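Subject: Two-chain model, handover and notes

Hello,

Here is the structure we talked about handing over. Please load it before you read on.

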Amino acid sequence: MTMFSKKFFAGMALSGLMATTAVTGAFAQEETIKVGILHSLSGTMAISETTLKDVMLMLIEEQNKKGGLLGKKLEAVVVDPASDWPLFAEKARELIQVNGVSAVFGCWTSVSRKSVLPVFEELNSLLFYPVQYEGEESQRNVFYTGAAPNQQAIPAVDYLMNEEGVERWVLAGTDYVYPRTTNKILEAYLKAKGVAEEDIMINYTPFGHSDWQTIVSDIKAFGSAGKKTAVVSTINGDANVPFYKELGNAGIKAEDIPVVAFSVGEEELAGLDTGPLVGHLAAWNYFQSVDTPVNGEFIEAWKAYIGDDKRVTNDPMEAHYIGFNMWVKAVEKAGTTDPDAVIDAIVGVSVPNLTGGYSAMMPNHHITKPVLIGEIQEDGQFETVWETSGLVVGDAWSDYLDGSKDLIADWRKPLNCGNFNTATGKCGGSGS
Amino acid sequence: MNVNAYAPRSLPALLLAMLLALLPLALLSSAAGAQDNAALRPLIDALGQGSFGDTEKQVSALAATGDAAVVPALEALTNGDLYVRKADKAVVIGKRAGGSLALTDPLTGEALESTATSALDKIRVNNRLRRTIRAALGGLTLRAADATTRRQAAEAIFKAQDAEGIEALDAAIEAETNPGVAKLMREARAAAVLASDRPTEDKIAAIGTLAERGDRDALSMITAVQNSEASDLHEAAGAALARIEKLQAAWDTARNVWFGLSLGSVLLLAAIGLAITFGVMGVINMAHGEMVMLGAYTTFMVQNLFRTHAPDLFDYSLLVALPAAFLVAGLVGVGIERGIIRFLHNRPLETLLATWGVSLILQQAVRSIFGPTNQEVGNPAFMSGAFEIGQLTITYNRLWILVFALTVFAALLIAMKFTRFGLNVRAVTQNRRMAASMGIRTPLVDALTFGLGSGIAGIAGVALSQIDNVSPNLGQSYIIDSFMVVVFGGVGNLWGTLVAAMSLGVANKFLEPFAGAVLAKILVLVFIILFIQKRPRGLFALKGRAVEA
């Protein structure tokens with residue numbers, strides 16, 4: 001025991017010494033601009049978010065190779081909020097107050113974003129949020145680089161309606177805020193398009209649902225009413241794999257009942273035998289299969305950085321690519337990393353996206369994106385079968401919900417408001 | 001097909017002429033293929049041109065030739081194996097072979113020089129096109145020599161509901177020798193008649209044929225008639241619908257029972273290991289789910305070895321994975337017992353916390369080694385697909401898991417009842433000190449029992465990898481259900497675990513259609529809580545002094 005203690009204390013002393021040198025080493029270095037990365041590296045969301053942490057590290061490394069920003073090197077500060085929503089708020093506070101980061105790139109689920117919103121507002125810092133979400137929000141300190149419902153859900157439904165002649169709709173989702181709000185918007189949209197109440201079936205399942213037999217059988221039954229039927233899926237994360245397996249096993253082919261998914265990308269398909277899924281659809285703003293030179297370079301750089309030839313790229317990664325470049329450009333334009341200056345400078349900033357065009361930051365802190373509909377292929381990639389003719393501007397407040405159709409967001413002076421009611425002419429009005 | 005739209009252009013005009021010329025052939029000759037490939041070549045080569053709409057027209061033109069020689073090209077197209085060679089704009093079939101594509105001629109089937117992917121343009125297909133191709137292939141293979149192909153053809157035509165196929169179907173029914181296939185063809189004909197402008201009597205007869213079929217596709221077609229303008233058909237359609245719906249209600253019950261048993265078998269598999277470690281030994285093992293996860297990852301590793309070293313034997317990978325998963329999870333279990341649990345004997349709260357910690361460590365360890373993303377575990381051929389009993393679709397993977405769960409259960413029961421080791425386990429759990437006095441090495445028995453429970457969780461992981469994600473979180477989703485089953489069934493009783501798993505599964509599936517998946521789960525949980533209030537020892541309580549000890 002005494003031996004153990006001695007060794008133990010010697011170890012402690014040694015590690016203490018090393019820690020001190022590390023700190024002095026940091027002080028001796030030149031001044032850096034710190035960038036916070038707030039993605040779960042453990043817990044349930046690690047499956048999706050770890051990749052985004054890696055892509056941010058790659059983007060920062062590339063920027064440093066190009067000479068950094070404002071003559072300083074960028075330094076990534078990575079924290080792990082462990083898929084624990086309140087911990088997101090704590091870690092965000094730590095990043096801003098303790099580490100003094102200039103901007104934070106992070107969050108995946110809506111509940112984690114909602115949990116950090118007050119922190120970013122209070123401490124006046126910047127958050128770039130890279131995931132498609134339910135909309136109905138615009139905050140001064142947050143930049144939404146993922147798709148709003150009108151940049152993903154609505155065009156997908158339009159595609160099915162016009163190209164596939166779908167008349168009957170199953171809205172299937174996981175039971176939480178994103179699917180519920182998206183389905184509410186879609187239901188209102190479909191009804192506005194003349195779809196009858198009985199032609200819409202809405203179904204929610206718990207997180208991580210793995211027994212899909214009943215639901216797949218219900219979908220089959222719903223689809224046998226003499227009208228072309230499609231499934232609009234907002235099923236989240238892991239639950240998709242058993243869902244698609246059950247569809248495949250039950251013999252539901254994409255030709256009969258196509259499923260269009262908003263949360264299934266290349267990453268999710270990587271753990272799946274895609275043979276039986278060929279032809280099912282996904283709506284995104286980016287696919288790895290998009291054949292542009294800039295995307296080719298990005299994929300190559302990513303594979304080289306991660307050291308694995310089989311790794312795929314996906315839509316939220318592109319969102320970070322766009323968001324990071326926008327932030328860099330805005331900082332260069334403002335000449336400082338001061339949040340207020342960057343917030344003023346970033347509106348109107350336009351950077352190349354990976355699908356061959358340019359994305360611009362709008363006054364409502366959402367960006368312009370093309371919308372692509374892709375069909376799942378045998379190799380786990382998507383083949384684009386349809387795309388919008390131009391870029392779609394992200395709409396913070398849906399035009400199809402009663403509570404939000406009169407609201408607009410504009411963070412430029414003089415309006416400077418995230419929920420301006422055009423009917424009453426007041427900021428903060430909750431709509432008619 | 002809009003004929004006028006492409007009359008002015010020369011190639012389509014040619015196509016149209018050919019189409020008309022070949023139409024009688026399609027109806028008369030079953031021995032197609034004798035035709036001149038030269039006539040088909042321009043049709044095939046036109047496939048790669050223009051939009052999806054253009055390709056669709058070309059597919060229809062090919063189908064109209066009635067020549068079975070175009071079947072390989074259409075099959076390749078729907079499978080995404082058809083390419084345009086950039087150099088000479090020729091359409092070829094490409095199969096991936098290493099970094100390049102092995103090419104064959106779509107008409108003659110002869111092998112061509114293989115080419116790099118970059119020299120070829122893939123001909124894209126979408127769902128609408130796939131539907132057209134499926135119907136076209138159905139029409140072309142209706143007279144094939146192989147009965148299975150003819151059956152698929154009839155199914156495809158049934159789904160396509162194409163009025164123009166009636167004559168071809170009549171001829172095929174005439175020539176059909178297989179009664180099963182003939183019945184399908186008659187149903188396909190009935191479906192086509194409903195879509196045609198045939199007289200009302202024909203349509204009423206067709207509705208009768210479809211009502212006979214009585215499945216959801218028939219329901220769908222007759223509902224469409226019911227909703228249409230043709231009021232003279234409404235009576236017949238209404239009667240047929242009532243008949244089908246009555247039949248469907250009966251099948252729904254059968255379906256729910258099957259789904260329930262299948263869910264029950266998954267619950268049984270997940271819980272059966274826990275029935276040993278918690279039920280028999282009384283250890284609250286929060287790391288039980290992680291043993292399941294380790295089993296699933298072992299399957300992944302074994303399959304990877306098979307993929308790289310013996311891809312032909314892939315179907316047997318699960319047979320190797322089973323003992324491997326048992327050993328891996330079992331050894332980890334023995335390690336946990338020796339390293340932690342034996343120091344916490346009779347301290348349930350500490351055991352709970354310690355095993356919870358172990359579960360987190362194992363999860364993060366797997367996440368660090370394999371990464372946080374899902375790993376692909378393949379289904380061997382005998383576990384893919386489904387078969388039908390009447391209108392009950394039974395998927396093979398679910399069926400095998402049910403069989404497997406019952407087998408594991410039986411094996412465990414025999415091991416506990418009839419082996420020396422089982423006797424020792426029962427002796428130690430009933431009265432540790434007495435067993436020790438009789439010369440049983442209780443520490444060894446403890447370690448082995450815990451290892452057995454963990455090992456069984458491991459083989460459960462092999463089965464669950466076939467229906468669920470293989471990710472570090474796999475175990476978490478089963479731990480609560482497992483405890484629920486064991487507590488409900490009665491701690492320390494294996495039969496209780498079986499009955500509990502099956503009844504919870506069936507109850508869940510009967511509730512789900514009415515209450516939805518979320519509420520059904522909650523209702524089952526509430527029911528168990530109330531049940532435990534009434535019978536704290538579960539369904540099958542152990543009686544006698546052993547319980548009090």
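Below is what was found in it, from conventions to single residues.

**Conventions**

This is a predicted model, in which local features need pLDDT of at least 70, side-chain atom pairs count only at pLDDT 80 or more, and totals for chains, interfaces and linings use all residues. Residues are numbered from 1 along each chain as its sequence is written, while chains are lettered from A and ligands numbered from 1 in the order in which they are written.

**Chain B overall**

Chain B holds 21 helices and seven strands. These are DSSP runs, numbered from the N terminus: helices are H or I with at least four residues, strands are E with at least two. The radius of gyration of chain B is 31 Å, well over the 24 Å that the globule rule gives for 549 residues, so chain B is more spread out than a compact globule. That radius is taken over C-alpha atoms, and the rule is 2.2 Å times the number of residues to the power 0.38. The C-alpha trace of chain B spans about 100 × 60 × 35 Å along its principal axes.

Of the 549 residues in chain B, 46% are buried. Buried means that 20 or more other C-beta atoms lie within 10 Å of the residue's own; exposed means 12 or fewer, partly exposed is in between, and C-beta atoms are placed from the backbone. Take the contacts in chain B with a separation of 6 or more: 69% of them join residues 24 or more positions apart. A contact needs C-beta atoms, placed from the backbone, within 7 Å.

Chain B is divided into domain 1 (4-140) and domain 2 (260-548). Their C-alpha centres are 53 Å apart. The bounds come from an automatic or database domain assignment.

**Where the chains meet**

47 residues of chain B are in contact with 45 residues of chain A. On the chain B side, the elements that give two or more residues are helices H5 (127-140), H10 (216-226), H11 (234-280), H14 (348-370) and H20 (494-534), plus strand S7 (392-395). That side divides into 11 nonpolar, 22 polar and 14 charged residues. Ala, Val, Leu, Ile, Met, Phe, Trp, Tyr, Cys and Pro count as nonpolar, Asp, Glu, Lys and Arg as charged, and the others, Gly among them, as polar.

**Domains of chain A**

Chain A is assigned domain 1 (31-148 + 293-371), domain 2 (153-261) and domain 3 (402-432). The C-alpha centres of domain 1 and domain 2 of chain A lie 31 Å apart. Eight residues from domain 1 and seven residues from domain 2 make the contact. On the domain 1 side, helix H2 (46-65) and helix H4 (110-123) of chain A each give two or more residues. That side has four nonpolar, two polar and two charged residues.

**Strand S6 of chain A**

Seven of the seven residues of S6(A) (residues 168-174) are buried, so this strand is largely enclosed by the rest of the structure. A:Arg168, A:Val170, A:Ala172 and A:Thr174 point one way; A:Trp169, A:Leu171 and A:Gly173 point the other way.

S6(A) pairs in the parallel sense with S8(A) (residues 229-234) over six bridges. Pairing requires at least two DSSP bridges. A:Leu171 has A:Val232 as its bridge partner in S8(A). S6(A) also pairs with S7(A) (residues 200-205), in the parallel sense over six bridges. There, A:Val170 stands opposite A:Met201. From S6(A) the chain crosses through helix H6 (residues 177-192) of chain A to S7(A), a right-handed β-α-β crossover. Right-handed means that, with the strands pointing away from the viewer, the path from the first strand over the helix to the second runs clockwise.

**Backbone points to check**

Most residues other than glycine have a negative phi, and most peptide bonds are trans. A:Cys107 has a positive phi, near 75°. A:Cys107 lies in the loop between strand S3 (103-106) and H4 of chain A, and is buried, with 30 other C-beta atoms within 10 Å. A:His365 has a positive phi of about 65°. A:His365 is buried too, with 26 other C-beta atoms within 10 Å. A cis peptide bond joins A:Lys413 and A:Pro414, with omega about 5°.

Best wishes

Technical notes. Contact = placed C-beta atoms within 7 Å.
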